[in-house]
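Let's take a friendly walk through a structure together. Have a look at the picture and the sequence first, and then read on.

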Amino acid sequence: MTHIMRYSLTERIIHWIAGLTYLYELATGLAFYTPHLFWMAGILGGGPTSRYWHPIIGVVFLVAILRMFVMWSRDMRITDVDRRWAKEMDHYIRNEDELMPPAARFNVGQKYFFWVMLWAGIFLLLSGLVLWFPEWIPWNLRWLRYTAILLHEISALLSIGAFIIHVYMGTAMVRGGFTSIIRGEVSPEWAKLHHRLWYEKVSKE
Amino acid sequence: MSTLQIKAISGHSGTVAGANTSRDYAVAKLIDVTTCIGCKACEVACLEWNGYPFRDTVFDNSYQTMPDLEWNYYNLIRFNEHTADDGAFSWLMRKDGCLHCADPGCLRACPADGAIVQYANGIVDFQQDNCIGCQYCVTGCPFNIPKFNPETKKVHKCTLCSDRVGAGLEPACVKACPTGCLHFGSKDDMLDLAHKRVDQLKEHTSHTNAGVYDPQGVGGTHVMYVLHDITQPEKYSGLPSNPRVPWTVRIWKGPLKWLGNLAMVGGVIGVTLHYLRFGPKEVKPEVKNDEAKKDEVKKP
């Protein structure tokens, strides 16, 4: 066994739909977030164009995230294994992986990331609907608009925090992780080191 | 601050009229609702000056034949049939439109470069060329004024006839008003006039609660009202008694921005430092002793 299939083609496609739509949402959203980054809306076709597409692409992102939920909700459930793993997180951060308890298909960090993105996505869509069509909100329900602007920005900031860590770990920190989400395959040594319980399960099959 | 203020006149005896005087160049429109007769001349003048078509009127058993402000209807008389405690009937008519706040919530909320401009004379003006159609201004406004044109995806509101005022003219509505209920001039003069009118009402009429509406919660406004009853502005179709830019808008555009910037920059710096200190997780080719034992059992 030279390679183990870690992510199926469907999983990879959905991951990248979510990833690329999130990048678009990030760029246009940051443009609306601060005047210092408004130039990003210019690069992406101008302010009105960015405003037009931001909510539509946002819906695509949410559909991808919900599809992920259907696909991965069982794998993402937080278990006792995760709680043990989370206690030793310090070692993981210091790259002392040999001291880590074994992890299943996803470690607890990946699970937290998944749940943060799912809930942030849901809150972003709910608040985003209000921001998308404010003209439909009657004046005596204006508190909806007042709440939505705060909720949208707080959810976005939380997702950005998670996203920074995710991109860092997926590209720079965990070598082999980026290849796995592109080609779908990992080496048995990689699987043993990072996801021993999952490795044991798939090597039996 | 007009650049055409006279400094010197040739062959002129005596002092130059107006020399060495300076006055506040902030402008204001004063709406004395106590002398409004609801003729809607201001509405017509507004449409004519701005080149907008007349809208279909609706009939709902009241004089309110235009239900609301629209993107191409900046100026609306709101009719209220008011019955006082003693049963006396009166009209409470109020010309509604942008109040040109000194602290404009629309401008605070707007993310688009140059879409909302506040002039030194106090006029707050929308520049539709730069508007991206996000309608954050609608959320920022405590008076429910900016209106969205769904076709062009641009937001519009009263300009206080910035084009006319820039040319030394009064706004079109003021020019059309037949009763002298609308006044236009410097903010100082209009405040002075307003207070004189309030004193007059208190002295000569039963409107002892008369007052000037220049709400300080939004830093004062460049469109002010004289109301019969300043204690209850709400009865003039919901004029808020203490308008402020919504607190969520202030947090959103204030502390949350700093917190967010700090968190995002901090996050990027944090992961960079982590990489410099600990480097990547690489799969080591040799297997550690205690792990090797486990592997012997499980290896197929």
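Predicted model: local features only at pLDDT ≥ 70, side-chain atom pairs only at ≥ 80, totals over all residues.

Residues are numbered from 1 along each chain as its sequence is written, and chains are lettered from A and ligands numbered from 1 in the order in which they are written.

**Chain A as a whole**

Chain A contains 10 helices and 2 strands; helices (H or I, at least four residues) and strands (E, at least two) are DSSP runs, numbered from the N terminus. Starting at the N terminus, the order of elements in chain A is β-α-α-α-α-α-α-α-α-β-α-α. The C-alpha trace of chain A spans about 60 × 35 × 30 Å along its principal axes. Of the 205 residues in chain A, 32% are buried. Buried means that 20 or more other C-beta atoms lie within 10 Å of the residue's own, exposed means 12 or fewer, and partly exposed is in between, with C-beta atoms placed from the backbone.

**Two helices that pack**

Two packed helices are described by the angle between their axes and the distance between the axes. Here are the values for one pair in chain A.

| Helix pair | Angle | Axis distance |
|---|---|---|
| α1(A) (residues 9-33) and α3(A) (residues 47-72) | about 145° | 8 Å |

Axes are lines fitted to C-alpha atoms, for helices over the stretch in contact, and angles run from 0 to 180 degrees between N-to-C directions. Among the residues that meet are A:Ile14 and A:Tyr22 in α1(A), and A:Phe61 and A:Met68 in α3(A). Residues are in contact if their C-beta atoms, placed from the backbone, lie within 7 Å. The contact of α1(A) with α3(A) has 13 nonpolar, 6 polar and 3 charged residues. Ala, Val, Leu, Ile, Met, Phe, Trp, Tyr, Cys and Pro count as nonpolar, Asp, Glu, Lys and Arg as charged, and the others, Gly among them, as polar.

**One glycine**

Is A:Gly170 buried or partly exposed? A:Gly170 counts as partly exposed because it has 16 C-beta neighbours inside 10 Å. A:Gly170 sits in helix α7 (residues 142-173) of chain A. Leaving aside neighbours within four places in sequence, A:Gly170 is in contact with A:Gly177, A:Phe178 and A:Ile181.

**Where the chains touch**

The contact takes 37 residues from chain A and 35 residues from chain B. On the side of chain B that touches chain A, α8(B) gives the most, with 10 residues.

Definitions and conventions:
Contact = placed C-beta atoms within 7 Å.
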